[in-house]
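The paragraphs below go through one protein model, moving from a single side chain to the sheet, the ligand and the loops. Please keep the sequence and the 3D view open while reading.

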Amino acid sequence: MQILFLGAPGAGKGTQCKKLAAKLKVPHLSSGDMLREAVKQGTKAGVEAKSYMDKGVLVPDAVLIAMFEEFLSKPEMKGGFILDGFPRNESQARALDELLSKLHTKLTDVINLETSDDLLEERITGRRVCPNKECNAVYHIKFQPAKKDAICDLCGTELVHRSDDKPEVVKQRLKTYREQTEPLIRYYGEKGLVKRVNGEGEPEQVFESLLGTLKVACK
Ligand code: AMP
């Protein structure tokens with residue numbers, strides 16, 4: 001399966017993609033995680049991306065397209081993959097179409113993870129993440145706290161509050177989503193690929209409805 005996730009920041013894409021990737025045993029390609037790693041490593045792409053990320057606006061398309069071209073061309077992608085955060089506008093979506101056709105593959109499903117606006121800001125501002133790139137686990141101070149305060153349950157790394165999860169940047173990220181990414185629901189809808197999943201509720205409950213929608217056995 002080649003699955004793309006759409007949904008506003010805070011809709012729970014990261015959490016659901018990780019669970020689904022583990023279940024299907026396919027790679028999870030998160031553009032945000034890749035960019036944050038590039039920033040941490042101080043690569044050319046990372047240096048270019050940082051100022052855009054800090055403002056909550058999109059990093060130039062060319063950076064993302066080159067990054068995904070590199071990853072999607074790897075042999076381990078042949079058994080399927082999950083895309084999270086890319087594409088984020090129509091020109092990236094067109095570039096992805098071209099790239100996938102060059103690789104003789106295509107998207108099988110586009111999941112639109114739906115959440116009401118009221119929930120999003122609270123979900124994002126309370127989010128804490130594990131900065132270990134092998135882990136990248138996601139927590140929430142109220143809805144999904146770590147067992148030991150500010151320490152990742154899975155790998156013991158100290159959790160961080162992403163600088164773009166602060167309230168002043170979150171508003172811009174939501175605006176960017178509405179203006180540039182939400183139109184992709186229609187873009188993929190016209191190709192008959194979009195499936196809606198209710199992103200509200202406990203992560204386990206959302207995951208079950210996701211599996212039901214994708215018709216993947218729960219056990
Ligand atoms: P995320 O972790 O998916 O919320 O992404 C964090 C930030 O990375 C976004 O606010 C953007 O600045 C940048 N970003 C992630 N994915 C993309 C993309 N496909 N195109 C442009 N910028 C992106």
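His 140 belongs to strand β6, which covers residues 138-140; helices and strands here are DSSP runs, H or I over at least four residues for helices and E over at least two for strands, numbered from the N terminus. The model is a predicted one, in which local features need pLDDT of at least 70, side-chain atom pairs count only at pLDDT 80 or more, and totals for chains, interfaces and linings use all residues. Residues are numbered from 1 along each chain as its sequence is written, and side-chain values use heavy atoms, with hydrogens and water left out.

Because its relative accessible area is 7%, His 140 is buried. Buried means under 20% relative accessible area, exposed means over 50%, and partly exposed lies in between, with a 1.4 Å probe and protein chains only. Which backbone atoms lie by the side chain of His 140? One is the backbone oxygen of Glu 122, at 3.0 Å from a polar atom of that side chain. Another is the backbone nitrogen of Lys 142, at 2.9 Å from a polar atom of the His 140 side chain. A polar contact is a pair of N or O atoms within 3.5 Å; within protein, one must be able to donate a hydrogen and the other to accept it, and residues adjacent in sequence count only if both atoms are side-chain atoms.

Next comes the sheet. Five strands form an open sheet in the order β2-β3-β1-β4-β7, with parallel pairing. Its edge strands are β2 and β7 (194-198), each of which pairs on one side only. From one strand to the next, the twist averages 25°. Two strands count as paired if DSSP finds at least two bridges between them.

Strand β3 (residues 81-84) has both faces covered: Phe 81 and Leu 83 on one side, and Ile 82 and Asp 84 on the other, are all buried. With strand β1 (residues 2-6), β3 pairs in the parallel sense over four bridges. Ile 3 has Ile 82 as its bridge partner in β3, and Leu 4 stands opposite Leu 83. Strand β2 (residues 28-30) also runs parallel to β3, joined to this strand by three bridges. There, Ser 30 stands opposite Asp 84 of β3.

The ligand is surrounded by 16 residues, and the closest are Ser 31, Arg 36, Val 57, Gly 85 and Gln 92; a residue is near a molecule if one of its heavy atoms lies within 4 Å of it. Helix α2 (residues 31-41) supplies the largest share of this shell, four residues. By class, the shell holds seven nonpolar, four polar and five charged residues. Polar atoms of the protein lie by oxygen atoms of the ligand at Arg 36, where a side-chain atom is 3.0 Å away, and at Val 57, where a backbone atom is 2.6 Å away. A nitrogen atom of the ligand lies 2.8 Å from a backbone N or O atom of Gly 85. On its own the ligand has 480 Å² of accessible area, of which the protein covers 95%.

The loop between β3 and α5 contains Pro 87. The peptide bond from Phe 86 to Pro 87 is cis, with omega near 5°. Asn 89 is found in the loop between β3 and α5 as well. Is Asn 89 buried or exposed? Its relative accessible area is 10%, so Asn 89 is buried. Asn 89 and Thr 181 are 92 residues apart in sequence, with their C-alpha atoms 5.0 Å apart in space. In helix α5 (residues 90-102) lies Leu 96, which counts as buried because its relative accessibility is 0%.

Asn 136 sits in the loop between β5 (127-129) and β6, and counts as buried because its relative accessibility is 18%. Ala 150 lies in the loop between β6 and α7, and is partly exposed because its relative accessible area is 34%. Ile 151 lies in the loop between β6 and α7 (167-181) too; with 25% relative accessibility, Ile 151 therefore counts as partly exposed.

Notes
Areas by Shrake-Rupley, 256 points an atom, 1.4 Å probe, with all protein chains shown as cover. Nonpolar A, V, L, I, M, F, W, Y, C, P; charged D, E, K, R; others polar. Axes fitted to C-alpha atoms, helices over the stretch in contact; angles between N-to-C directions.
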